[in-house]
Amino acid sequence: MIVRDLQPISIVEDRGFNAFVKTLDPRYKIPSRERLMEGTIADMYKDCQDKVKANCQRAHSVVLTTDMWTSRSTEAYLTVSCHFIDNWQMQEFVLETCSFYGQHTADNISLELKRITDEWGITQKVVAVVTGNGANMVSAVHKAGWKHYPCFAHTLDLVVKYGIKAVPEVVQLLEKCSSIVSFFHHSTKATEKLKQIQKQLKVAEHKLIQSVETRWDSVFYMLERLHEQREAVTTALCLLGKNTLCLSNEELSMIHLTIEALRPFKEATREVSAEKHISVSKVIPLVSLLLRAAAATERQGSSLATELALQCQRRFRGIETLHSLAASTFLDIRFKNLSFRDRDNVETMKKRMLTEMQEVHQPTSESPPPGSTSAPVPSSASAPMPRFASPVTPASTPSSAPATPKGGIWADFDIQVLSAQQHRSTGTDALIEMRRYLEEKLIPRDEDPLHWWQDHEQTFPSLSRLAAKYLGFIASSVPRTLFQRQES
């Protein structure tokens, strides 16, 4: 209970808790605080650590997500999480949250990251690290010798924040809205008056929400709540003699347009921050949809939508040329190549993927024995390939293997046949497999693509290995709990 619910260990000494446990079962003796600290919890940690290490050792490649944060007591911490696909299930583990002392330089962060991965035995398995856009974090990842990918959710934050700052009338509107909320939050009389008006108007008795500078989505929720309660708020302000705070029809119209401009970004942030979902494959489709949504709101007269579109184009320029993102989208059976805006980028990605597919089936000394679930490592891949649920069917079976050339008049012909069949097994088979995949129907967007790959692993032996690698990438550095609207 203490571990799962993050309860303080001192709860075992609380009189109320002791009385509660005694009521449930007088025979049960609550363990002491010392016993928990020195034995029980330490043993639980070791058991959990061993299980996580065993999982990590089975993985052929992993993706790390990391972020630095500050506690309420202004203490710095570094959190590192590990992600990979095992048995067509997304595995996610928080490896460590440690105090971070000293300056937050790239060198110091890099050393700490390597220390953590060394302790877990996964340093050589890291294929990518997802962090925020801070220069020190990006540099730290590169110094460690890993590939860096920016956190998509953090980039969306920057798009919205800089988009808002570029529109003075929206900035002024937000300042006024924040003043309105502050007035009601700091006056018990005003709060009571608002509740009375809400009851009279028979509207939802919701509290107003204040925006927080570090969370752009709180701006969205503040405006959404004010727009919902506009009649009750205006009436209460007038009765309290605060007419200067009342929102005009023009301002209410701007609030509506601002909400509509921000709504797609709120939805996109929630999409990529959801745990237990394959989020990286959604990045390219979401960027395309955000640009379309911004264009639609712009036509309604929203200057904010114009700035948001410009920020998207600037910060997501060339996103389709990032092979890992492009490959993950293509290998997600919900999207494939449907969401790409530039078809040339699709063809470039497919050519590179065809090369990877051929490398997957190149015989090596490390090829697993028949029936093994381990996948061989491509000779030129940047990282080892992930593990699968069941054996992968080889591209050619013994029954279809070409015969050894014999002597005589047919010798030259037999050599030509053998060469042609070997070429097909590496090049043509990959192309045929790619074409068959392209002919597959898309599955509904709310279904899990990993389940589809589990069912079709034998049908697409090469692509399934690449799917397990690229779908294991994560879009955001830390899954976020979006700002929750508080209701009375």
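Glu112 and Arg115 lie 3 residues apart in helix H4, which means that about one helical turn separates them. An α-helix has 3.6 residues a turn, so residues three or four places apart point the same way. In this predicted model, the side chains of Glu112 and Arg115 form a salt bridge, with the closest N and O atoms 2.8 Å apart. Glu112 is buried because its relative accessibility is 18%, under the 20% limit for that class. Arg115 counts as partly exposed, at 26% relative accessibility.

A second pair of this kind occurs in helix H9 (residues 216-228), where Glu228 and Arg225 are 3 residues apart, about one turn of the helix. The side chains of Glu228 and Arg225 meet in a salt bridge at 3.6 Å, N to O. Glu228 is partly exposed, at 40% relative accessibility, whereas Arg225 is buried, with a relative accessible area of 3%. Salt bridges that share partners also join Glu96, Glu112, Arg115 and Glu119 into one network.

Glu251 forms a salt bridge with Lys176, the closest N and O atoms being 3.0 Å apart. This pair links distant parts of the chain, with Glu251 in helix H11 (residues 249-272) and Lys176 in helix H7 (residues 168-185), 75 residues apart. The count of salt bridges in the model comes to 17. Side chains of opposite charge can pair when their charged atoms come close.

| Salt bridge | Closest N to O distance |
|---|---|
| Glu112 and Arg115 | 2.8 Å |
| Glu251 and Lys176 | 3.0 Å |

H4 (residues 106-120) and H5 (residues 135-143) pack at an angle of about 55 degrees, and their axes are 8 Å apart. That angle makes H4 oblique to H5. The crossing in which H4 passes H5 is right-handed.

Helix H14 (residues 323-330) is mostly covered, with 8 of its 8 residues buried. The buried residues of H14 are His323, Ser324, Leu325, Ala326, Ala327, Ser328, Thr329 and Phe330.

On the surface, Ile409, Trp410, Phe413 and Val417 form a nonpolar patch, and together they have about 480 Å² of accessible area. Ile409 is placed in the loop between helix H15 (343-360) and helix H16 (411-439). Ile409 is classed as exposed because its relative accessible area is 81%, and the limit for that class is over 50%.

Most residues other than glycine have a negative phi, and most peptide bonds are trans. Leu6 has a positive phi of about 55 degrees although it is not a glycine. Leu6 is found in the loop between helix H1 (2-5) and helix H2 (15-24), and it counts as exposed at 74% relative accessibility. Thr74, likewise not a glycine, has a positive phi of about 60 degrees. The loop that contains Thr74 runs between strand S1 (62-70) and strand S2 (76-86). Thr74 is exposed, with a relative accessible area of 66%.

Conventions:
Residues numbered from 1 in each chain as written. Predicted model: local features only at pLDDT ≥ 70, side-chain atom pairs only at ≥ 80, totals over all residues. Heavy atoms only, no water. Patch = residues over 30% accessible without salt bridge, like charges linked within 9 Å, V, L, I, M, F, W, Y side chains within 5 Å. Areas by Shrake-Rupley, 256 points an atom, 1.4 Å probe, with all protein chains shown as cover. Salt bridge = Lys/Arg side-chain N within 4 Å of Asp/Glu carboxyl O. Helix = DSSP H or I, 4+ residues; strand = E, 2+ residues; numbered from the N terminus. Buried < 20%, exposed > 50% of the residue type's maximum accessible area, 1.4 Å probe, protein only. Axes fitted to C-alpha atoms, helices over the stretch in contact; angles between N-to-C directions. Parallel < 35°, antiparallel > 145°, perpendicular 65-115°, else oblique. Left-handed = near helix turned anticlockwise from the far one by under 90°.
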